[in-house]
Amino acid sequence: MLLFLWRSSWIIISGVLLTGVASGLSNAALIAFINTSLVGQMNIAHAIWWFAGLAFTVLISQTLSHYLLNQLSTQLVRDLRLRISRLILNAPYPNLQKMGKSALLSHLTEDVTAIAGASQLFPVLCINFAILIGCMAYLSWLSWQLALVLAGIILFGVTTFNFFNDIPMRSVRNARDEYDVLSRGFTALTEGVRELKLHRRRSEAFVSQSLSNSAEAYRQHSFRAAVAYLWINQWVQFLYYLTIGAILYAFPLWQTLTQEIVSGYVLVFLFMMSPLTIVTNSLPVFSRAKVSLDSILKLDEKLVEQSLAERLAKLAVQKSFTSLTLTGITHSFHREKENRNFTLGPIDLEFRPGELVFLVGGNGSGKTTLAMLLIGLYHPARGMISWNGCPVDAGNRDAYMQNFSVIFSDFYLFDELYGVNAEQHRGAMDDYLQRLHLNHKVEIVNGQFSSVSLSQGQRKRLALLVAYLEDRPFYVFDEWAADQDPEFKHLFYTELLPALKAQGKTVLAITHDEKYFYLADRCIKLDEGHVAAIEYPQGHPEHATANADWLRSTHTETSIS
Ligand SMILES: Nc1ncnc2c1ncn2[C@@H]1O[C@H](COP(=O)(O)OP(=O)(O)OP(=O)(O)O)[C@@H](O)[C@H]1O
């Protein structure tokens, strides 16, 4: 933790150390001065100045130290949050999917909060630690023989602490692991709250079988850690009293101590009680922070961040699109319940500019999986994707993905047009809002939507507007029209898609709307992960496959010859 803080900002840490040590030493000097004043004859006029000077130094150094450490801790929390967010954005999507949404959220919330808690406590800990060191230095100055005894006891205390600290640390680590399980439960609770509210037995079973189990496991681990730290604290206190007892009653049997030394020791020991309690009480907070920090540092390995240079190296974002080729690509999922794999492919396809392609097929036939492979979010297990003849690989995948504008079936609509210069597109935005019948519902002010609290269909239309503004060469729509009224469905298929095609954009639309199949340049049908048929409704009969009859048989309103 200290090393991490040092690496984050060694300049501030150096300042903190200096002011902290100054604060601790001046505190100890003040105590020493008070002790001398109590027992010795002092010039009152001089003593007042000394006292005021030392008290002032204590106050100033403490304030500076707190100020710098607060600056450090708030910076640290900000940097950690941004670091994790960037890590998530730069990680390959399959790695993120493997980790799961709730585990990622745990890092952003629980881990950062734990580290923030510790870093806020850090100033207090530093100052109190410095006070303890200062007091020890003063005690050593009072009597070196006693200082030796003290050093022996401290060494013993530190050794036993290191020995016992493994016990609570194990519980703290277990509690952190359990938090991931608990967090998955919380995600299910918040996302499935409607389903739970409508089914009392389901919600009771969910709470009793899932949530309460992990909440109880988390409680047990946390409790064990707290109890272990309680024992460690008590052990430290025991050593503390043992030291006072030894000095008061055992040491005089061996060496005679002056009144000044005894009263100095007692005064300093009593003064040390509070900083010592603060230091030992902060141990659990620092252990939690250490575990959280380890878990954040491990994220790097889990998510395998690619360097920006590597990502942009091989394939620049190319607006001029000439071809996209899929050659023998495959992707597999393990279906746990059926204990068998779903395999998409091998698939060979080629896309050209200005093509309108419909991807059709039954539920679970692999349409979305194929689209995810095509846009680069899933990585093919076998085969190759080439963009303008250039193979897509780990080094250029991120740049490749920038060629697509996608509306997923479970899309997310940001309430702001991030990455788009809204004012530059003012005319186009107003036009689209009108065409999509959203002009009375939403305004775009400074790139921000006045509202995103709309119906699902309206939100999808707004997502379409965002996609238009992105102006990418390749558009993918996953069942966009599914939530639309017949009027908008018609507009989408007969006007909006042809308009994109007319601009030279390639469109891949996943659809079940047979009524509009006739508008496509090509209809690709998937069945059980394989291309079952390809049809050219706009008239390329020589390319049609032997299975082309499936299209004619599935829709009546438009005949494809
Ligand atoms: N993340 C995943 N983990 C495991 N299996 C998955 C995952 N995503 C999809 N599958 C499986 O892959 C198969 C194809 O799913 P996919 O979503 O591609 O089908 P689809 O044709 O788009 O279906 P629909 O029309 O219902 O959206 C399904 O059997 C599904 O169970």
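Let's start with two helices: the axes of α9 (residues 200–254) and α10 (residues 259–281) come within 11 Å and cross at roughly 170 degrees. That makes α9 roughly antiparallel to α10 (angles over 145 degrees count as roughly antiparallel). The model is predicted, so to speak of local features a pLDDT of at least 70 is needed, side-chain atom pairs count only at pLDDT 80 or more, and totals for chains, interfaces and linings use all residues. Residues are numbered from 1 along each chain as its sequence is written.

**How the terms work**
- Helices (H or I, at least four residues) and strands (E, at least two) are DSSP runs, numbered from the N terminus.
- Axes are lines fitted to C-alpha atoms, for helices over the stretch in contact, and angles run from 0 to 180 degrees between N-to-C directions.

- On the α9 side, the contact is made by Asn233, Val236, Tyr240, Ile244 and Ile247, and α10 brings Tyr265, Phe269, Leu276, Thr280 and Asn281 (in contact means C-beta atoms, placed from the backbone, within 7 Å).
- Sorted by class, this contact has seven nonpolar, three polar and no charged residues (Ala, Val, Leu, Ile, Met, Phe, Trp, Tyr, Cys and Pro are nonpolar, Asp, Glu, Lys and Arg charged, and the others, Gly among them, polar).

**The six-stranded sheet**
- This open sheet runs in the order β6-β9-β10-β3-β11-β12, with mixed pairing (two strands pair if DSSP finds at least two bridges between them).
- β6 (404–407) and β12 (530–535) each have a single partner strand, so one side of each is left without a neighbour in the sheet.
- β11 (residues 522–527) pairs with β12 in the antiparallel sense over five bridges, and lysine 525 has alanine 533 of β12 as its bridge partner.
- Helix α16 (residues 456–470) lies across β6 and β9 (474–478), at about 180 degrees to β6.

**The four-stranded sheet**
- Here the order is β2-β1-β4-β5, and the pairing is antiparallel.
- β2 (340–351) and β5 (390–391) are the edge strands.
- α13 packs on this sheet, touching β1 and β2.

Technical notes. Angles under 35 degrees count as roughly parallel, over 145 as roughly antiparallel, 65 to 115 as roughly perpendicular and the rest as oblique. Two residues are in contact if their C-beta atoms, placed from the backbone, lie within 7 Å.
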